Amino acid sequence: MVAGETADPIVSRLVEQDKVAWYNKPNLRNLYFVMIPACLGVEWTSGFDSSMMNGIQTIQFWQEYFDSPDKARLGFMSASYSLGCILALPFVPMVNDHYGRRMSIILGSVIMIVGSVLQTASQNFAMFVIARIILGFGIPFAIVAASSLIGELSYPKERAVLTSLFNSSWFVGAIVAAGVTYGTFEMQNTWSWRIPSVLQCVPSFLQLMFIWWIPESPRFLISKDRHEEARAILIKYHAEGDENSELAATEFAQIQATIKLELEGKKMTWRQYFTSPGNRRRAALALCIGVFTQWSGNNPLSFYLKKILDQVGIKDGKRQNLVNLGMTCWSWVNGTCMALAVFKFKRRQMYMTCIAGILCVYIILTVSSARYAATQSTAAGVVTVTAIFLYSPFYNMGFNALTYTYLVEIFPYTIRSKGITMQQWWGRAATFINTFVNPIGMDNIGWRYYIWYCCWITVEGFVIYLFFPETAGRTLEELSFLFEGEEINAEVAAKVVKQVEHEHHETVQKV
């Protein structure tokens, strides 16, 4: 099914007629700049955490302080962050839907600051793990809220790019962490790992500072019958303050009509999430996106790069930190390029190219690692490092650039926070299992462990090809009834058009 095939395209048409670039619109430009630390910066924390855990494993004083954790112990230490996320997820939609996106970001940021401070002050293994659980508990409040807020505030023309940049912001935090751990590597005391730990709270402080300059989601305001506030936000940022803007009036009417239809005879409960075939399909997609983004071979590169490099003879800690830093910088460059180009391609095309590419890379990684194990060939080690650098462009094309863009598009407003929360639950559960199991598998069977990823990535490709719908080229409201069938879509489209015309007529009369 083509996304939005029967949905009313009136807002899309008006947006296409607007030829003024975002950077020539002062209000919109200011909004986007403040979004960087307040919303996009949420992913800096996740990126910092993964890269930091990679980096501090190479630091001698960290290894000595925690008795050289390995296998299950190291796996649990790394996976505790995801465990905290899983524990928080039942509460995330409640805060998002009842108190708004901004409040959820504030709550998550405060919790993460507490976790970072405790991690810095850790005196033993248990305290370090508890601190990481607290850090993980805070992050989903901010991620679900920020990804929703970006999609719901953005001008329709830039929405896909901004939600894609949200995920690519992960690499900003990862680069900083890789640079910090490289810089503290030779410090001869525990501050060699405590400094990276305390710096993990910086993104959260930035969110608390800048969130006050970000307006609340107009869709949240409309759902709470605060219509005039929502209309004022659309006029200010999508029409640059023009009270007579046809786009702002039509967009407001379309959002109002669509949310009204979504709420007809329904309550925003978890039961609603599974009450119709359309919502069950959305739930299945949330599961797939959550698992695929974590089980596509990225976890070993994010958390256990040291082990991969050890297996091909690169055992010097300083060189390993340089590879980590170089890989992270390269990932940020290609990830940002993919995010900026997302509007030029169809979603399915990007996903299929992504999955084909990472499968080829993992086959190369498996073969080169096996070759090194058999021959100790330096060339095989070089091929392995090359494969590591080839991986990120393909991964970022799909699982980085599209994750939150796609989630925001396939879930209507009334269950959007629940949908993203479900994706987070499956993703964090997959990460917890992966992060715990990977060091055990890599230690016990070496390069053969990568064969599992080759097989699983192939399965992912078949699922994406068969079940992932196209969503490019429509507004969020035009995608609200993507899976509800042609008859329901036709009925809904007629109601939306009627409501849009009515609301637009009333707005023009008032003006």
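**Surface, fold and salt bridges of a helical chain**

F462, Y465, L466 and F467 together form a nonpolar surface patch of about 500 Å², where a patch is built from residues with over 30% relative accessible area and no salt bridge, nonpolar side chains (Val, Leu, Ile, Met, Phe, Trp, Tyr) being joined within 5 Å and like charges within 9 Å. The model is predicted, so that local features need pLDDT of at least 70 and side-chain atom pairs count only at pLDDT 80 or more, whereas totals for chains, interfaces and linings use all residues. Residues are numbered from 1 along each chain as its sequence is written, and side-chain values use heavy atoms, with hydrogens and water left out. F467 is found in helix α25 (residues 449-467) and, at 49% relative accessibility, counts as partly exposed (buried means under 20% relative accessible area, exposed over 50%, and partly exposed in between, with a 1.4 Å probe and protein chains only).

The chain contains 26 helices and zero strands, these being DSSP runs numbered from the N terminus (H or I and at least four residues for helices, E and at least two for strands). Its radius of gyration is 23 Å, close to the 24 Å that the globule rule gives for 511 residues, so the chain is as compact as a globular protein of that length; the radius is taken over C-alpha atoms, and the rule is 2.2 Å times the number of residues to the power 0.38. Of the 511 residues, 61% are buried.

Helix α14 (residues 227-238) has twelve residues, which at 1.5 Å a residue should span 16 Å, in agreement with the 16 Å between its end C-alpha atoms; the expected span is 1.5 Å times one less than the number of residues. Among the buried residues of α14 are A230, I233 and L234, and the helix is followed by E240, whose phi is positive, near 55 degrees.

Side chains of opposite charge can pair when their charged atoms come close. The structure holds ten salt bridges, each defined by a side-chain nitrogen of Lys or Arg within 4 Å of a carboxyl oxygen of Asp or Glu. In one of them, the side chains of R132 and D49 meet at 2.6 Å, N to O; R132 in helix α8 (residues 125-153) and D49 in helix α3 (residues 42-56) are 83 residues apart, and the pair thus links distant parts of the chain. Both R132 and D49 are buried. R231 forms a salt bridge with E243, with the closest N and O atoms 3.6 Å apart. Because R231 lies in helix α14 and E243 in the loop between α14 and α15 (246-263), this pair ties together parts that are twelve residues apart in sequence.

Note on methods: Areas by Shrake-Rupley, 256 points an atom, 1.4 Å probe, with all protein chains shown as cover.
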